[in-house]
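Dear colleague,

Please find below the structure that I am handing over to you.

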Amino acid sequence: MKFVKSIVVVVCILCAGAAYAERREADYFARPQIGLWFGPVTPVFDTNQVLDTNLGGGLFFRYNTPYRPLKMGIDGSYQYFPSKGVNSLAMWPVYGSLLYRIPIKFALMLQLKAGAGGSHMEMKPDGISQWEPMFTLGFEGSFPAGRIINIGFRIDYIYVYEGYIKGAQRGGHIVNTGITLFFNVGGK
Amino acid sequence: MIKRYKSWALLCIAAAVITGCGDKPLFDELATNRLKVVLKGTFESNGPRDWQAPLWTATDHGSLNDLTSAGETTAGKATAAPRKFMLDIAEMKLNGSPFANYRHTYNLDVTDTNPFFNGTGVEFDCDDPEPKHYSKLKVYLRKLIFNNGELYHLNPSGAWEHDGALKAIFKESTIDGFDFNQLLVNSYYDSLLEQDTHINRVFPFSIVIDDGGLDYSNKDEETVLEVRFVIKNFVKKYEYDSYNDDGYHQVGHYWAVSDWLREMKADEEPLGGNLLAVARAYVPGKVGSISGQNTTGVAGYAVAVPDPKTIADYFISSTAVPRPPCNDIACEDSPKTPYLPAGNSVESFLDYYLKYEQYKHRHNEFYNFVGTDSSNTDYEDAWNAYEDYVKDYRIPPLATYVPSGSNYSLENVPLGKTYNVYFIPASIFNNAELPHAGEAGQLGPLSVTVNGDESGRDF
């Protein structure tokens with residue numbers, strides 16, 4: 001009888017442990033996160049006529065909000081665009097964003113992103129260097145590789161706004177695609 | 001928790017404040033150009049003289065020694081005047097810095113209305129360079145082609161026969177014409193040097209940006225870099241020699257820029273140093289003009305050079321330093337071997353052997369000049385003196401043609417500068433030639449400071 005009781009207690013503990021562990025596992029993604037991405041940066045629309053695709057990369061940090069599916073983020077990246085001629089443009093976008101995690105039970109964590117900020121722009125050989133406002137919309141997917149590591153992808157559209165500058169008739173349209181590696185940090 | 005969100009909000013606001021700094025529309029700067037490169041095929045900066053028909057016939061000079069222009073018709077077809085000029089430019093650089101790496105080809109009609117020849121110019125795509133001062137433009141010339149080149153060979157009877165049109169490759173297609181750019185790689189002087197294979201005068205072709213160079217600023221709405229190649233009314237017919245597949249002597253008759261500055265003699269090929277060009281820069285809206293009337297009674301050119309320079313700084317002296325000769329008395333130049341006759345007549349072979357004896361005699365003379373003179377005064381110094389003389393020729397930055405009794409106007413002259421203006425009679429330009437300094441009929445200088453449209457500068 002003692003043996004049976006012992007088995008029941010062990011099974012209960014194991015089940016409780018598994019249930020507890022499952023709940024905590026779901027929470028890992030809700031921790032603050034820090035990560036990096038790397039991939040092609042592609043000018044699109046009329047920007048594609050003056051700049052060429054290249055590789056870019058950046059860092060990002062995410063923090064929770066009281067509303068669990070929503071996170072706040074800050075992103076910084078370096079993107080260098082050559083052209084068919086001698087012109088080139090180096091961009092350092094820095095922006096804040098809100099990320100909404102799509103509430104679908106799926107192996108992948110899917111997030112929608114919207115943000116705004118500024119981008120430092122340096123055009124050569126003209127030697128023009130300045131900050132410009134920018135806006136972004138994005139989509140991210142990732143799956144956990146353990147408690148800490150997440151591996152995923154991201155697709156961001158960046159619009160560099162120049163409408164406030166006299167004589168401006170265009171803006172910058174960039175699509176960032178990349179693979180991401182980020183870490184759940186802090187929290188319990 | 002509230003404090004934490006305040007920090008984020010402050011960060012976002014700070015980012016938004018920082019972003020208000022830019023004042024140049026970068027993507028418009030990338031899509032448009034402030035620098036405009038304009039290519040012209042004229043000696044004149046505006047108002048060029050029409051193509052002069054006699055120039056096409058006044059071309060029987062030293063190069064056409066085997067088959068004359070008259071003989072072409074007998075051979076079956078005359079080499080007609082060119083009707084097309086084809087230009088293939090790989091890229092351009094300013095002081096060695098790339099700014100225009102868009103290859104461009106031009107197929108231009110040899111007419112007075114074509115923009116390349118009417119003073120308007122054709123545009124070459126470029127990007128804006130770094131804002132600074134530039135003094136030299138390097139143009140990477142791939143092809144320079146005139147059409148209407150013809151091939152002839154000497155048949156066994158000793159008569160010339162027409163073989164068809166000369167062929168060249170332009171825009172990756174075979175066309176009728178002759179690419180004389182390949183002959184501009186070396187001048188004849190270069191070909192005498194040990195390092196001749198390391199010299200290339202057209203890839204790149206270096207052009208001085210005259211009249212103060214190019215001071216490029218991206219604060220100006222537009223800056224024009226005008227590049228002029230002297231092509232119009234500066235064309236001659238030449239002959240090259242070779243053997244065809246059957247071993248017969250063949251010649252090609254083709255059109256190319258005049259060898260007025262560095263003469264091409266019979267049985268020679270290098271034509272380098274005869275492509276003359278000048279570049280200048282101006283900012284539209286910051287220019288004036290110099291105008292006046294030609295009362296000299298003859299047609300001519302109004303030419304302006306920036307003060308304190310004078311015309312003598314551009315045109316070489318009419319007291320020529322002659323090209324070292326090669327004749328039966330003094331041969332300071334390597335003699336050319338005669339071509340084997342194709343004919344089966346005894347006379348043609350006797351003629352060949354006679355020429356060969358002459359060649360041997362001249363070669364001995366040449367050896368004496370080169371080999372026995374330890375100080376090289378008869379050969380090296382003579383050729384160096386000749387090159388030093390011809391290499392100083394410059395094309396004036398401003399020039400226009402003016403018929404007798406008409407008004408002239410030099411356009412797009414930068415404001416605030418002083419120019420020395422000269423009149424040069426048009427007759428000096430006949431026979432695909434350019435003027436020397438101090439030749440008869442030249443008038444000037446008139447010193448003109450340009451503060452706007454400067455009129456009444458009559459000759």
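Predicted model: local features only at pLDDT ≥ 70, side-chain atom pairs only at ≥ 80, totals over all residues.

For chain A, the mean pLDDT is 87, and 85% of the residues reach at least 70. Residues 11-25 of chain A are a stretch to treat separately: pLDDT remains under 50 there, and the model shows 0 contacts beyond four places in sequence for them.

Turning to the interface, 32 residues of chain A and 27 residues of chain B take part in the contact. On the side of chain B that touches chain A, helix 1 (2-18), helix 2 (26-31) and strand 3 (97-100) each contribute at least two residues. Helix 2 of chain B supplies the most, with 6 residues. Sorted by class, this side of chain B comprises 16 nonpolar, 7 charged and 4 polar residues.

Chain B also contains an open sheet of 4 strands in the order 5-1-15-18, with mixed pairing. Its edges are formed by strand 5 (122-124) and strand 18 (277-282) of chain B, each of which pairs on one side only. From one strand to the next, the twist averages 30 degrees. Strand 1 (residues 35-40) of chain B runs antiparallel to strand 5 of chain B, and 3 bridges join the two. Within this pair, B:Val37 is placed opposite B:Phe124 of strand 5.

The domain assignment divides chain B into domain 1 (24-284), domain 2 (287-320 + 387-459) and domain 3 (325-378). The centres of domain 2 and domain 3 of chain B, taken over C-alpha atoms, are 44 Å apart.

Two cis peptide bonds deserve a check. One links B:Asp307 to B:Pro308, with omega near 10 degrees; B:Pro308 belongs to the loop between strand 20 (300-306) and helix 6 (346-371) of chain B. Another joins B:Gly444 and B:Pro445, with omega about 10 degrees, and B:Pro445 is part of strand 24 (residues 443-449) of chain B.

B:Asn148 has phi near 65 degrees and sits in the loop between strand 7 (136-146) and strand 8 (150-154) of chain B. B:Asn148 counts as buried because 21 other C-beta atoms lie within 10 Å, the cut-off being 20 or more. B:Asp267 has a positive phi of about 65 degrees and lies in the loop between strand 17 (249-257) and strand 18 of chain B. B:Asp267 has 18 C-beta neighbours inside 10 Å and is therefore partly exposed.

With kind regards

Notes:
Residues numbered from 1 in each chain as written. Chains lettered and ligands numbered in written order. Contact = placed C-beta atoms within 7 Å. Nonpolar A, V, L, I, M, F, W, Y, C, P; charged D, E, K, R; others polar. pLDDT = per-residue confidence, 0-100. Pairing = 2+ DSSP bridges. Axes fitted to C-alpha atoms, helices over the stretch in contact; angles between N-to-C directions. Domains from an automatic or database assignment. Buried ≥ 20, exposed ≤ 12 C-beta atoms within 10 Å, placed from the backbone.
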